[in-house]
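Subject: Handover of a structure and the findings from it

Dear colleague,

Please find below the structure that I am handing over to you. I would ask you to keep it open while you read the notes that follow.

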Amino acid sequence: MSSDGPNDGISDADGIPTAEEVVTLADVETARNRLEEVVHRTPLDGSTTFAERSGAASVGLKLENVQRTGSFKIRGAYNAMAQLSPAECERGVVASSAGNHAQGVALAGRLLDIETTIVVPEVTPSAKREATRGYGAEIVVSGDIYERSYEHALDLADEDGLTFVHPFNDERIIAGQGTVGLELLEQFPELDTVLVSIGGGGLISGIATVLKAHDPDFRVVGVQPEGAFHAKPSLERGEIHELSDVNTVAEGIADARLLEKTFAVVRERVDDVVSVSDREMSVAVTLLAERAKTVAETAGAAPLAALLSGAVDVEDENVAVVVSGGNVNLAEHAELTRTGRMELGRYAEARLGVDDWPTVLDTLGAIFDRHGAELDVLERARRTAADDPSRTPVIVGMEGNGPDHLSDILNALNERGEISVENSTLDS
């Protein structure tokens, strides 16, 4: 691995280095030695439930959401920053991030006594911003998407003489992230296929480097949101494809493109890339909370979404799902799990028209109790022209054990003369 900087390297005719020129198994093993006293060896949690749902022989959840800072990013950040020169450490570093890389750089800076400045896009959740500040970094908010934040961070690096710590297009970052793959080999010797989220491609590049060096028959599959699906077109075209815009709730992997070093590794060492919808990721977030008792952000849940949606055929295979991060605030997690339960047919919202509000509350409560369902939301709604002027519009949110159960409750409500069901999410 070159130690001169993230932009060095021999390139081929199209300006892209080979994967071997970017990162090797030896680089990852060296990174593991550097990280031994810094990062957690995160658990691999087996899931019979997810194996049965997907048809896999076994499923192991690699829980990087319980890593220091709540994601895998500390691995690459520390590995890169630990190799800076004394002069670079003295001047400080700058990074751009949607959140998790920010925290990784900030913690690495604290451990290595390096001042850090982080540029985050406007969509970065407040929980991630505050956590990053908590590690001692200065936060600069700039740009509606990650690419704009990236450009501003480069400007700051030039203006202030700071070293830019790239979130993925750096061989030292890739090698650090690859230590996840070394742990997988040790924890899951039966492994056939690994599913990994792709934003800029650093994590999957590192994992693929390790697995393919040990056995070329390992299958490495990347997962991206439908609204940020750039890697597969890049592989199909043989050149980096950049999206003009991204649209996904998975802000942690809302990148618009791969860059030269990650593209080099992905095209040589990753077998396929699939996409999942925001709703499928919401289901995965929900099921991780319910069945695995673990909190994941949408980016971290994307590989499980691919597994459960059938985007990847894993029949009778031993599959590792890398849950790459868990940095999500409680309000956002509640919204994600509500959407997930709707997709699973276990949650619905309905608009009612009721007489004698609020005396009808007891009637509503009795109906839900009788049917063994939970009344989650009950609130007056803003009146519209479509509402019966003699009735009070009310919104209810309810949880049951399936669509039929929820339909039975709506029918029971409709049978009451003082209540009418105007519409519900079950109608869509």
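With which residue does Arg148 form a salt bridge, and how far apart are the closest N and O atoms? The partner is Glu151, and the closest N and O atoms of the two residues are 3.3 Å apart. Before going further, please note that this is a predicted model.

**Salt bridges**

Arg148 and Glu151 both belong to helix H8, where three residues, about one turn of the helix, separate them. Arg148 has a relative accessible area of 33% and Glu151 one of 39%. Both values fall between the limits of 20% and 50%, so the two residues are classed as partly exposed.

A second salt bridge joins Glu399 to Arg341, with 2.7 Å between the closest N and O atoms. This pair links distant parts of the chain: Glu399 is in strand S13 (residues 392-399) and Arg341 is in helix H16 (residues 330-343), 58 residues apart. Both Glu399 and Arg341 are buried.

Arg351 is part of strand S11 (residues 347-354), while Asp387 is in the loop between strand S12 (374-380) and S13, so the pair ties together parts that are 36 residues apart in sequence. Arg351 and Asp387 are likewise both buried.

Salt bridges also occur as a network, which links Lys62, Glu64, Arg75 and Glu183. The count for the structure comes to 22 salt bridges.

**A charged patch on the surface**

Asp155, Asp158, Glu159 and Asp160 form a negative surface patch. Of these residues, Asp160 is located in helix H8, which covers residues 146-160.

**The nonpolar core**

Which residues have the most contacts inside the largest nonpolar core? They are Val194, Ile207 and Leu211, in a core of 37 residues. Several helices and strands supply at least two residues each, among them helix H2 (25-35), helix H10 (179-187), strand S7 (193-197), helix H11 (202-214) and strand S10 (318-323). H11 gives the most to this core, with six residues.

**Backbone features**

- Trp357 and Pro358 are joined by a cis peptide bond, with omega about 10 degrees. Pro358 is situated in the loop between S11 and helix H17 (361-370).
- Thr69 has a positive phi, near 70 degrees, although Thr69 is a residue other than glycine. Thr69 sits in the loop between strand S2 (58-63) and helix H4 (73-81). Its relative accessible area is 8%, and Thr69 is therefore buried, the limit being under 20%.
- Lys293 also has a positive phi in a residue other than glycine, here near 55 degrees. Lys293 is in the loop between helix H14 (278-291) and helix H15 (298-309). Is Lys293 buried or exposed? Lys293 is exposed, because its relative accessible area of 68% is over the limit of 50%.

**Distances along the chain and in space**

How far apart in space are the C-alpha atoms of Phe50 and Leu304? They are 8.5 Å apart, while the two residues are 254 residues apart in sequence. Phe50 belongs to helix H3 (residues 48-54) and, at 0% relative accessibility, is buried.

For Asp278 and Ala302, the separation is 24 residues in sequence and 8.8 Å in space, C-alpha to C-alpha. Asp278 is in helix H14. With a relative accessibility of 24%, Asp278 counts as partly exposed.

The last pair is Val274 and Leu182, which are 92 residues apart along the chain and have C-alpha atoms separated by 24 Å. Val274 is in strand S9 (residues 272-276) and is buried, with a relative accessible area of 9%.

Yours sincerely,
A colleague

Note on methods. Residues numbered from 1 in each chain as written. Predicted model: local features only at pLDDT ≥ 70, side-chain atom pairs only at ≥ 80, totals over all residues. Heavy atoms only, no water. Patch = residues over 30% accessible without salt bridge, like charges linked within 9 Å, V, L, I, M, F, W, Y side chains within 5 Å. Areas by Shrake-Rupley, 256 points an atom, 1.4 Å probe, with all protein chains shown as cover. Salt bridge = Lys/Arg side-chain N within 4 Å of Asp/Glu carboxyl O. Lys, Arg positive; Asp, Glu negative; His and termini not counted. Charge placed at Lys NZ, Arg CZ, Asp CG, Glu CD. Helix = DSSP H or I, 4+ residues; strand = E, 2+ residues; numbered from the N terminus. Core = buried A, V, L, I, M, F, W, Y, C linked by side-chain atoms within 4.5 Å. Buried < 20%, exposed > 50% of the residue type's maximum accessible area, 1.4 Å probe, protein only.
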